[in-house]
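Here are my notes on the model, point by point. Please read them with the structure open.

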Amino acid sequence: MAARDDPKPTPMMAQYLALREEAGDALLFYRMGDFFELFFEDAKRAAAILDIALTTRGEHGGQAIPMCGVPVHSAESYLARLIKAGCRVAIAEQVETPDEAKARAKREGTPSSKALVGRAIVRLVTAGTLTEEALLEPRRANVLVALAELRGTVGIAAIDVSTGAMVLEECAADQLGAALARISPSEIILPEASPREGGDLRPEGETFTEVPAFAGTRDMVIHRPRSTFASDAGAERLKALHGVATLDAFGAFSRAMLAAAGGLVSYLDHVGRGTLPLLLPPVVRESGGTMAMDAATRGSLEILESAQGGRAGSLIGAVDRCVTGAGSRLLAEDLSAPLLDAAAIEARLALVQFWRDRPIERAQLRDILRAIPDLGRALGRVVAGRGSPRDLGQLRDGLSEAMRLHHWLSAAPDKPALLDQVIARLTGHGALTDWLARALVPSPPTERSGGGFIADGYDAALDELRATSGDARRAIAAMEARYREETGIASLKIRHNGVLGYFIEVPARHADALMAPESGFTHRQTMAGAVRFNSLKLHEEAARIAEAGGHALAAEEAHFEELVAAVVEAREAIAATAAALARLDVGAGNAERAAEGDWCRPAIAEDAGLAITAGRHPVVEAALAKTGERFVANDCSLAQDNRLWLIGGPNMGGKSTFLRQNALIVLLAQAGCFVPASAARIGLVDRLFSRVGAADNLARGRSTFMVEMVETAAILAQATNRSFVILDEVGRGTSTYDGLALAWAVAEAVHSQIACRCLFATHYHELARLAETCEALSLHHVRAREWQGDLVLLHELADGPADRSYGLAVARLAGVPAPVVARAKTVLEKLEATRAATGGIAAGLGDLPLFAALAAEPAPASPEQQLAEALRNADLDALTPREALDLLYDWKRALP
């Protein structure tokens with residue numbers, strides 16, 4: 001805030017400035033009546049983001065105070081826009097009534113006329129701590145992460161606050177980027193900077209927040225005191241939260257995990273101002289239990305988000321057929337962390353197969369699931385103290401439907417094991433749902449302040465209060481009719497507002513008759529065209545209504561708190577039911593997608609093979625289907641003796657699509673989904689790497705080639721013989737000689753050092769010579785033909801090397817002017833003639849030993865050795881006299 005200090009601030013301004021200081025870097029929503037007001041720099045920033053009017057109010061420090069405001073009743077929509085813009089918001093509410101403020105002022109000896117209603121920050125709204133339905137994307141998890149480093153190991157505590165699911169894990173510091181790319185947090189909590197002991201979360205030469213995992217615009221990094229990241233305190237906090245003496249029943253947690261958990265819970269306590277959200281017992285995520293993928297691979301494969309942003313064009317956008325938000329969130333989690341346990345994968349596939357084989361029952365299940373509310377998020381709001389009667393109604397309806405599903409599915413024959421597990425978690429809520437059904441009206445309101453959500457017949461005393469209030473209202477209606485008859489004023493009305501309560505209103509021209517002392521009416525207010533009065537009878541009836549209404553509201557509030565307490569008591573069982581419904585939705589949704597696209601069930605194997613028949617790219621196929629085009633399917637078969645495919649062919653011929661589709665098929669299979677192919681046998685892949693396409697990272701000072709080399713280096717350093725690697729055009733970002741040399745060396749390393757399954761697309765025809773020395777490398781190409789001057793791309797994969805690259809034909813297809821293409825053809829003919837004369841740029845590479853056989857860097861050749869080698873490689877019969885003379889001059893100049 002850029003306001004100057006005021007030597008004598010008003011009480012309200014003094015209160016505001018104190019709260020503003022407490023809010024720190026968050027915007028302050030200062031409650032004033034029915035509005036949240038913002039002042040000074042907060043107002044300027046918010047007005048620009050929200051596109052609302054910026055006004056001024058009074059002065060402070062000799063300057064007008066900028067201000068803007070948003071209505072309390074619609075604050076959520078404004079909060080959503082501020083959070084999306086990267087803001088944090090502190091909510092300052094009135095924590096006492098005007099009467100309580102006056103009583104306090106009297107105790108303090110302050111004139112009651114100057115009593116200022118007390119306000120306090122009751123909550124910090126941040127990107128990772130949202131629970132409100134209007135602020136969350138239904139199909140996307142909203143994850144908050146805390147990190148703690150102990151001696152080179154990073155503890156990760158992650159929670160989706162909207163559902164309470166907490167996961168603890170740890171990883172090596174150099175694997176943090178991949179872990180955060182998988183989790184995709186909305187907010188990251190870090191300990192404040194201090195001298196580090198042992199390991200470091202940062203790659204050498206980078207600050208922590210420059211790690212690629214923190215580069216996304218969605219990430220918000222918040223620093224908290226290091227003292228809150230103590231492992232002992234974290235363990236004690238978790239024990240207290242879950243009422244246990246030991247955490248052993250939840251899993252084996254390392255000190256780094258507990259330190260991260262301590263920082264996470266402390267932050268949640270801080271933003272909730274002492275009120276914690278739903279926190280389910282923590283679950284350990286075992287390292288090595290899921291397929292590893294770094295951020296570059298996830299971005300290249302566009303798993304959860306396309307390169308343009310959003311779900312459209314992403315893998316999940318092409319796969320997701322879930323009918324609930326919870327199902328979509330679980331599917332995203334499955335795709336982000338494919339499994340390595342063959343039994344667990346088969347269990348998921350069996351559930352998909354069960355629903356795939358039962359289209360009628362699948363449709364019935366999906367209809368039922370479609371009508372079930374989002375139980376996990378409704379539970380999260382209730383436990384966090386932000387629940388409404390509508391949330392209780394959603395829990396009632398959802399749990400009732402879950403029990404109905406339990407009865408139906410329990411009778412199904414030939415159930416897979418995973419379905420049995422799911423069914424068991426759908427029941428056990430009979431007493432709670434009966435209670436909620438008796439207590440709540442069929443459609444409870446979203447606000448509880450006005451009452452009306454407790455059903456008639458649930459509480460006899462409440463029914464009596466409502467009857468009293470209703471009788472009084474009927475008495476007022478009768479009174480209005482009687483007063484009209486007694487006064488002869490047909491336009492007389494009895495009205496109500498929040499200031500005067502009930503009052504009698506007549507047009508101004510009839511007011512004199514009611515002004516007389518003997519009329520029985522008391523003047524209250526004169527308006528422009530009407531005059532308002534009161535009467536003793538009206539006052540008595542209004543008091544009856546107010547008393548009965550107030551008692552009724554208090555009774556409903558008490559019942560609400562009882563119901564909330566019952567839900568909180570059953571929170572873990574309710575959360576388990578919500579998770580079971582999500583798993584049902586994922587299984588049925590995957591079956592729907594499989595039936596829709598004729599996808600097959602993959603066979604999962606423990607060996608290092610990969611056999612895909614008629615594989616397709618799910619995203620590209622879906623896009624082509626919209627235009628009525630057919631996707632050309634291709635086979636892929638990798639084995640120990642044929643594990644590296646070198647693929648050539650023209651641009652736009654389908655090389656990159658072929659590479660990606662096979663990576664996606666492997667990912668889908670290990671996530672427990674059917675795959676777009678006629679048949680597939682997947683040998684388990686421990687790490688998936690994709691180096692397909694790159695772009696400049698100008699913000700970090702990296703060129704396209706530098707990005708490509710960083711990604712390639714990560715593959716060479718981290719891939720194992722159980723990994724699957726797809727490489728596209730390695731070395732294209734530099735000179736031809738450098739690029740070919742790098743591509744050659746990388747291909748040799750993948751083949752002979754790593755010995756993993758790999759698809760390697762390239763335009764370097766010279767790499768075909770690797771087949772002579774690499775026994776597990778085979779040559780393939782995408783087919784294309786030129787017909788009457790036009791390039792026809794067949795998108796079919798064939799055996800053998802590519803005969804040419806068709807670069808000029810592609811240029812012509814792209815609209816390059818004909819004279820430029822003709823000139824390029826002339827230059828190409830000259831280059832090819834030179835290549836033929838010299839043996840090509842790869843001359844002599846076939847004599848190199850394999851990459852793995854190189855024990856040391858060779859000593860540089862002497863000038864005489866270089867000349868002897870050049871003479872040995874020269875094709876004398878192919879040289880023209882002029883070229884031979886030029887060679888002699890070159891050799892003479894090279895002599896020392």
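1. Start with strand β13 (residues 493-497) and strand β14 (residues 501-507), which pair in the antiparallel sense over five bridges. Strands (E, at least two residues) and helices (H or I, at least four) are DSSP runs, numbered from the N terminus. Two strands pair if DSSP finds at least two bridges between them. Ile494 has Ile504 of β14 as its bridge partner.

2. A word on the basis. This is a predicted model, in which local features need pLDDT of at least 70 and side-chain atom pairs count only at pLDDT 80 or more, while totals for chains, interfaces and linings use all residues. Residues are numbered from 1 along each chain as its sequence is written, and side-chain values use heavy atoms, with hydrogens and water left out.

3. Next, the open sheet. Six strands run in the order β3-β4-β2-β1-β5-β6, with mixed pairing. β3 (55-60) and β6 (119-125) are the edge strands, each pairing on one side only. On average, neighbouring strands are turned by 35° against each other, direction ignored. Strands of a sheet pair through backbone hydrogen bonds, either parallel or antiparallel.

4. Val89 is bridged to Val125 of β6.

5. Two helices cover this sheet's strands. Helix α1 (residues 11-23) lies across β1 (27-32), β2 (35-39), β3, β4 (63-71), β5 and β6, and runs at about 145° to β1. Helix α2 (residues 40-50) packs on the sheet and touches β1, β2, β3 and β4, its direction making about 45° with that of β4. Angles run from 0 to 180 degrees between N-to-C directions, and axes are lines fitted to C-alpha atoms, for helices over the stretch in contact. Contact means heavy atoms within 4.5 Å.

6. Now a helix pair. How far apart are the axes of α11 and α20? Helix α11 (residues 342-356) and helix α20 (residues 571-597) have axes 8 Å apart and pack at an angle of about 60°. The contact includes Leu351 and Trp355 of α11, and Ala588 and Ala591 of α20.

7. Last, a loop residue. Is Glu447 buried or exposed? Glu447 counts as exposed because its relative accessibility is 55%, and exposed means over 50% (buried under 20%, partly exposed in between; 1.4 Å probe, protein chains only). Glu447 sits in the loop between α16 (430-439) and α17 (460-487). Its C-alpha atom is 6.0 Å from that of Ser388, 59 residues away along the chain.
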